[in-house]
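Me: I would like to go through this model with you, one region at a time. Could we begin once it is on the screen?

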Amino acid sequence: MAAAPIAGRGRHLKREVGNNTVNITPRNCRVGVDIGGTFTDIALDLDGALHSTKVLTDYTAPERAILKGVKAVAETAGIALSEIGILIHGTTLATNALIERRGARTAFVTTEGFRDVLEMRTENRFEQYDLNISLPPALIARADRLVVRERIDATGRVLLPLDEASVAAAVETIAEGEYESVAIGFIHAYANGAHEAAVRNAILKRLPNMSVSISSEVSPQMREFERFNTVCANAYVKPAIKSYLDRFVVSLKEVGVGCPVFMIHSGGGIVSVESASEFPVRLVESGPAGGAIFAADIARRHGLDAVLSFDMGGTTAKICLIENQVPKTAKTFEVARTYRFRKGSGMPISIPVVEMVEIGAGGGSIASVDGMRQIRVGPHSAASEPGPACYQRGGKNPTVTDADLILGKLDPENFAGGAIPLSVDASRRAMRDDIGAIIGLDPEAAAYGTCEMVDENMANAGRVHTVENGKDISDFTMITFGGAGPLHAARLCEKMGISTFLVPPGAGVGSAIGFLKAPFGYEAVRSSVFNLSNFDFAEANRLLDAMKSEAIGFVEGGLETGAPVIERTLFMRYAGQGWDIPVPLEADRFDAASADGIASAFQAEYERFFGRAIEGLDVEIVSWSVKAASPLPPVARVASIAEGGTVSPRQRRRLFEAAQGAYLDAGIHERQDLKPGDVVAGPAVIVERETSSVLTSSFKAIVQNDGCLLVTRQ
């Protein structure tokens, strides 16, 4: 997949050469930046040549790590910072702020009688048989939730006009409460946001500098619990994210990076910094979305229609299904699940998102022993500060990285290209003190148990995710990336019954590379109920036109030429059902005969999901989605390559293999020394600067024409 169009590509630069100033033609230089919980990844594409690096994330000032990494990778590429043509950024800062409850002091204004929706949640119990179930606390405390008198029905009709006295009282409470941000969410505001806008105007008239978010703009979708949580989350992180993005852009300009800066959002598209500052909740899954785009691009090049994307970084592991070379998407997801990652135990966010399962299983995930004397891994992470014990930066707890080091998966002298020397002794001490001493294991056995536990957790997550989508996981090809993904991929494939996986070039910074592959795109989602038995096609056309204008308005700044590609989706159900399914919409306009065609498309999708349709029930459209994106250029398919000779390793080391339960003599290969057609037989480790690919004895790797490692069972 070629890169997204570049704004400002044709500008001219000047460079000092001797005593003269000469004009130079800027090269095609793009940078992707992904801030993770442990590492900040930088990928620079210069005229098709990739340069990358990883630096430890700076929690105090994240932009410092970015600047450090951008300077390093530009120096490696031999270019001036002023030659960078575009920078695309993704971050987990919004996610971390929600998980750790480190956001702005926020007030929530809602309809009288609905103050406690955030705590009442829904009728679903995420653990049916736990009599002492503890629900996650609401993001906004009850004392900070204010009410006004108003009421709008589900069609958008005003039942009770906005009461000015209650609005004035709420505004004064906000003014006196020293709040930094305000969220506004009224019942059925998705159908008519006039009352929300009026209250926002009243707040800004009294407090012009207040940060205000309204649900009819942030998430105009039905189901008040999800919508209220989404607007509260947006308001909660908005001041901090806006401050960070403002500092980031200024810092770039100060060091000479004057190019346009864009953000990747959770749905996998690119938007402006200004849009991201206004709706930062859309950045919550931005990093993982880049990884899914990266895997989808590899799937297109290799003609793979059933792919399991496996991204394991320093803090989390993400698994995503990519079917027909397109990542699966959804319009809701959960952040910060509190009960064993059970669905329903987190904070629901109603925004378009690349659908994936994410668990606290990364290189920095901390291992411990629970009350039943069993090894547990995560969800807490040592992150970059203080980091795993082997980093020798103050971390004392054993982590997955410590276990990998003890078991021979990592080279202590060549981790991150030698930038971070690792201490095996520190890892052994941590394993001995926190695990071995408690359950009577030596450090090697404790490390073995840690890796097996984290691998089983990830394998279970992959099995559940595919089963929930009605698929057999053994039918998929895995594409693995992230700093820790290729270390664990072979063992995961053994556990899940997958026979083939791919390790792309640049796997260690896969999400950052994915940013460079992403289109400029935005998805508008709204709830508006239409029954097909009395389908108002004229009103439906007006709705779609408005949504199309909204979506195009977010992306047109990133288009150089041509028109964006428009995709429309209807979310439909039988009347009386509680949930809906997505139905792609081919037509761009409706007429009096459209209802029958829509009903037929719904019946076909319903049969595909559930096996058979239901006769005699009315069908209704619940929500609408219009996505605008820059067109994706065709990609060149990677030609198949004949298997060549087996490459002999230049060195060897002991590598623990879980399936054998013993240390084996493994060959060590430098990835940069391998050429297309070369075969590497396991047990082996193929090393590169940002990651290492571990092959167990049941696998062999064949280097492909594009540099991918195609790993198959021997």
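**Strands, a helix pair and one threonine**

Reply: The model is a predicted one. Strand β4, residues 39-46, is mostly covered, with eight of its eight residues buried.

Me: Which residues of β4 point one way, and which the other way?

Reply: Phe-39, Asp-41, Ala-43 and Asp-45 point one way, while Thr-40, Ile-42, Leu-44 and Leu-46 point the other way. All of these residues are buried.

Me: In what sense do β3 and β4 pair, and over how many bridges?

Reply: Strand β3, residues 29-35, pairs with β4 in the antiparallel sense over seven bridges. Within this pairing, Ile-35 stands opposite Thr-40 of β4. The two strands, β3 and β4, form a hairpin with three residues between them.

Me: And how many bridges link β4 and β5?

Reply: There are eight bridges between β4 and strand β5, residues 49-56, and the pairing is antiparallel.

Me: What sits between β4 and β5?

Reply: β4 and β5 form a hairpin with two residues between them. In that turn, Asp-47 has a positive phi of about 55 degrees.

Me: Changing topic to the helices: at what angle do α4 and α5 cross?

Reply: The axes of α4 (residues 164-176) and α5 (residues 194-206) cross at roughly 45 degrees and come within 10 Å. That angle makes α4 oblique to α5. The crossing of α4 past α5 is right-handed.

Me: Which residues make the contact?

Reply: On α4 they are Val-167, Val-171, Glu-172, Ile-174 and Ala-175, and on α5 they are Val-199, Ala-202, Ile-203 and Arg-206.

Me: One last place. Where does Thr-712 lie?

Reply: Thr-712 lies in strand β37, which spans residues 709-713.

Me: Is Thr-712 buried or exposed, and why?

Reply: Thr-712 counts as buried because its relative accessible area is 18%, and the cut-off for buried is under 20%.

Me: What does Thr-712 touch, leaving aside residues up to four places away in sequence?

Reply: With those residues not counted, Thr-712 touches Ser-499, Thr-500, Ser-698, Phe-699 and Lys-700.

Note on methods: Residues are numbered from 1 along each chain as its sequence is written. This is a predicted model: local features need pLDDT of at least 70, side-chain atom pairs count only at pLDDT 80 or more; totals for chains, interfaces and linings use all residues. Side-chain values use heavy atoms; hydrogens and water are left out. Helices (H or I, at least four residues) and strands (E, at least two) are DSSP runs, numbered from the N terminus. Buried means under 20% relative accessible area, exposed over 50%, partly exposed in between (1.4 Å probe, protein chains only). Contact means heavy atoms within 4.5 Å. Axes are lines fitted to C-alpha atoms, for helices over the stretch in contact, and angles run from 0 to 180 degrees between N-to-C directions. Angles under 35 degrees count as roughly parallel, over 145 as roughly antiparallel, 65 to 115 as roughly perpendicular and the rest as oblique. A crossing is left-handed if the near helix is turned anticlockwise from the far one by less than a right angle, and right-handed if clockwise. Two strands pair if DSSP finds at least two bridges between them.
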